[in-house]
Amino acid sequence: MLLDLKHSRALHRQHQARKTPLLIFTASDVVGMADALRREFFPTVSISPEVIFTNGSFLGCISRTPPAPESLICLHDILNSPDVPEQVLRHILTHELIHLIVAPREVDGKVTTHPPEFWQLENDLCPERSWIWEWLWDNFHSCLLIDKKNECIKVKRDWRKRTHLQCRSLDEIISAAPRHQHPEGIGI
Ligand SMILES: [Zn+2]
């Protein structure tokens with residue numbers, strides 16, 4: 001019950017944060033990247049998503065109100081830095097775009113937004129996902145919370161005090177074997 005209350009507060013905070021998009025400081029053009037990904041991997045998605053950075057609750061999320069074709073991807077401000085590798089942003093955008101074509105469904109008596117076909121497609125489109133998560137945990141481990149019940153990764157409110165990029169590049173991570181896998185069943 002307490003967790004549910006916390007989650008509803010997190011949803012409210014995310015909703016509020018959407019109203020004040022932040023200036024973008026990434027080295028990559030995330031809006032162009034999302035459109036390129038849509039055209040390459042998701043041709044049935046007719047309109048490119050809007051992409052904004054917010055100081056909300058979630059590392060990344062996508063919202064859409066059917067039947068409107070428009071969608072909005074919110075990336076957390078913790079990713080809004082020229083030090084965040086392009087591959088990390090691309091992976092999170094791809095994850096969010098998959099939500100547009102893989103519907104939530106019941107698995108083992110529980111409705112999940114990440115059914116097995118979601119993970120299969122993500123694995124097909126992002127074979128480097130374990131390195132991406134290695135980089136994220138390396139740099140933001142003290143800032144991120146896994147909310148398994150609600151299938152999301154939350155960013156702690158005081159993340160600015162905790163974050164200090166370790167500057168281990170993605171190439172360094174790829175050249176070493178990943179230490180751990182992104183836990184199954186956890187979304188972004
Ligand atoms: Zn997800």
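Me: Is the crossing of helix 2 and helix 3 left-handed or right-handed?
Reply: This is a predicted model, in which local features need pLDDT of at least 70 and side-chain atom pairs count only at pLDDT 80 or more, while totals for chains, interfaces and linings use all residues. Residues are numbered from 1 along each chain as its sequence is written. Helices (H or I, at least four residues) and strands (E, at least two) are DSSP runs, numbered from the N terminus, and a crossing is left-handed if the near helix is turned anticlockwise from the far one by less than a right angle, and right-handed if clockwise. By that rule the crossing of helix 2 and helix 3 is right-handed.

Me: Are helix 2 and helix 3 roughly perpendicular or oblique to each other?
Reply: Their axes, which are lines fitted to C-alpha atoms, for helices over the stretch in contact, with angles from 0 to 180 degrees between N-to-C directions, come within 10 Å and cross at roughly 50°. Angles under 35 degrees count as roughly parallel, over 145 as roughly antiparallel, 65 to 115 as roughly perpendicular and the rest as oblique. Helix 2 and helix 3 are therefore oblique.

Me: Which residues of helix 3 make the contact with helix 2?
Reply: Two residues are in contact if their C-beta atoms, placed from the backbone, lie within 7 Å. On the side of helix 2 the contact is made by Val 30, Met 33, Ala 34, Leu 37 and Arg 38, and on the side of helix 3 by Leu 89, Arg 90, Leu 93, Thr 94 and Leu 97.

Me: Is helix 3 roughly perpendicular or oblique to helix 5?
Reply: Helix 3 (residues 86-101) and helix 5 (residues 129-140) have axes that come within 10 Å and cross at roughly 115°. Helix 3 passes helix 5 in a left-handed crossing, and Gln 87, Val 88 and His 91 in helix 3 meet Arg 129, Ile 132, Trp 135 and Leu 136 in helix 5. From the angle, the two helices are therefore roughly perpendicular.

Me: Which residues touch the most other members of the largest nonpolar core?
Reply: A nonpolar core is a set of buried Ala, Val, Leu, Ile, Met, Phe, Trp, Tyr and Cys residues joined through C-beta atoms within 7 Å, and the largest one here has 33 residues. Among the elements that give two or more residues to this core are helix 2, helix 3 and helix 5. The residues that touch the most other members are Ile 73, Leu 75, Val 88, Leu 89 and Leu 93.

Me: Does Val 84 count as buried or exposed?
Reply: A residue is buried if 20 or more other C-beta atoms lie within 10 Å of its own, exposed if 12 or fewer, and partly exposed in between, with C-beta atoms placed from the backbone. Val 84 has its place in the loop between strand 3 and helix 3. Because Val 84 has 24 C-beta neighbours inside 10 Å, Val 84 counts as buried.

Me: What is the phi of Asp 108?
Reply: Asp 108 lies in the loop between strand 4 (105-107) and strand 5 (110-112), and with 5 C-beta neighbours inside 10 Å it counts as exposed. Most residues other than glycine have a negative phi. Asp 108 is not a glycine, and its phi is positive, near 50°.
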